[in-house]
Amino acid sequence: MNKERAVETVLAHLSEQGGVKDPFGATHMPIYQTATFDLKKQSGEKIYDYTRSDNPTRESLENVFAKVCGGLGAVCTHTGLGAVALLFETVLKAGDQILVENDTYGGTFRMLKVYKERMNIAVHTADFCNHEAVESILKSNKIRLILVESPTNPGLKIIDLKAVAKLARTYGSIFAVDNSLATFYSQKPLELGAHFDLFSTTKYVSGHGSVIGGVLATNDPALLKDLRYFANAEGRSQNPLDVHAVSLGLPTLPLRMNAHQESALKIAQWLENHPKVTRVVYPGLKSHPQHELAKSQMKNFAGVITVDLESVELAEKLVANCELFGEKCSFGTADSRIEIPGKISHASFTAEELAAIGITASTVRLSIGLENTNDLIEDLSEVLNG
Ligand SMILES: *Cc1c(COP(=O)(O)O)cnc(C)c1O
């Protein structure tokens, strides 16, 4: 199985593609639920000793993630934020400076606050659609690490990853992309010049809201060595049971992403024509200010839509009264979700910080699931028109 195959094929043949031999020829990689391995009972070229350091179940899935991300290697972490933490542990030293896109996951900002207070990490933020602003920060500061998401969430801005990668290389910064929303199925940050592709597998990648996990992949041999060292040293690796749970969603990821996208586009277009909706942001819409850039770096626009409604009352009514759209945090699951970002996912942002990324009290974020599209439109319609 050395031939290079398309992502759908790799994911459909997950366990063979993982390249870890199971002695019984299991067709799905078994859960090696053990803390330790007997050193005297192993004779192969690969010896396992302790599951924190290495485990066949995890190694198999890490090999698959490395392949589909276009990386040399990958590490599965216990949570998505664990992948962010492992990135910081691998790359940052006390006193370093980091530059982050201003519309970044709230949990990442919360972690950065701790790094700032306890490790004297200077945190700069910028709107990465403004390349001059980014370059001026890079020019006047020694930035060790640049971290962005694209699309951003909930603003759904598209960051030109190739352009940022070029800036990062020019100014000697490490560039990491949080790819949780687009997924590796849609875009490949490593191929666009990033040093790290990281994502929460809690969202689309596992796809069923049934497990928490993360991945950090790289194509740089020295960074990979550090990554593996710190995954073990800081105890970041994912347990075999959760690795297994993540693996169950993978073969259907391409199918699911295409279904999420198809439904999201129809719903976004329907919302655009609704008189009580004042703005619809979805990268797959022609009206998205960076639709062309999105098309050039993404294969799939995923299923998250951000809309502004005519009033705060209507936004609250929609969240409270939809039947199929549950008021739950997170996105990328089979069931559709709705939330007011300022209340849930971005509750730690001040009103000014939210305004800077275009979010108001009448903004709602929708995660379009895998239900029948007409059922979803009817659900929204009944509340909006009721
Ligand atoms: C959810 C999320 C995370 C954190 O992942 P967990 O699995 O919840 O720890 C990080 N980044 C982004 C963009 C996310 O959406």
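This is a predicted model: local features need pLDDT of at least 70, side-chain atom pairs count only at pLDDT 80 or more; totals for chains, interfaces and linings use all residues.

The crossing of the two helices, α12 and α14, is right-handed. Two packed helices are described by the angle between their axes and the distance between the axes.

Now look at the side of each helix that faces the other. From α12 come L314, K317, L318 and N321. They meet L380, V383 and L384 of α14. Sorted by class, this contact of α12 with α14 has 5 nonpolar residues, 1 polar and 1 charged.

Step back to the whole chain. The protein chain is divided into domain 1, residues 7-252, and domain 2, residues 253-384. The centres of domain 1 and domain 2, taken over C-alpha atoms, are 26 Å apart.

How many residues of each domain are in contact with the other? Domain 1 contributes 41 residues and domain 2 contributes 36. The size of an interface is often given as the accessible area lost when the parts come together. Between them, domain 1 and domain 2 bury about 3200 Å². Carbon and sulfur atoms carry 62% of that area.

Which three residues supply more than any other three of the area that domain 1 buries against domain 2? They are I158, Y185 and Y204. Together I158, Y185 and Y204 supply 26% of the area on the domain 1 side.

Key. Residues are numbered from 1 along each chain as its sequence is written. Side-chain values use heavy atoms; hydrogens and water are left out. A crossing is left-handed if the near helix is turned anticlockwise from the far one by less than a right angle, and right-handed if clockwise. Helices (H or I, at least four residues) and strands (E, at least two) are DSSP runs, numbered from the N terminus. Contact means heavy atoms within 4.5 Å. Ala, Val, Leu, Ile, Met, Phe, Trp, Tyr, Cys and Pro count as nonpolar, Asp, Glu, Lys and Arg as charged, and the others, Gly among them, as polar. Domain bounds come from an automatic or database domain assignment. Buried area is the accessible area (1.4 Å probe) that two parts lose on being put together, summed over both.
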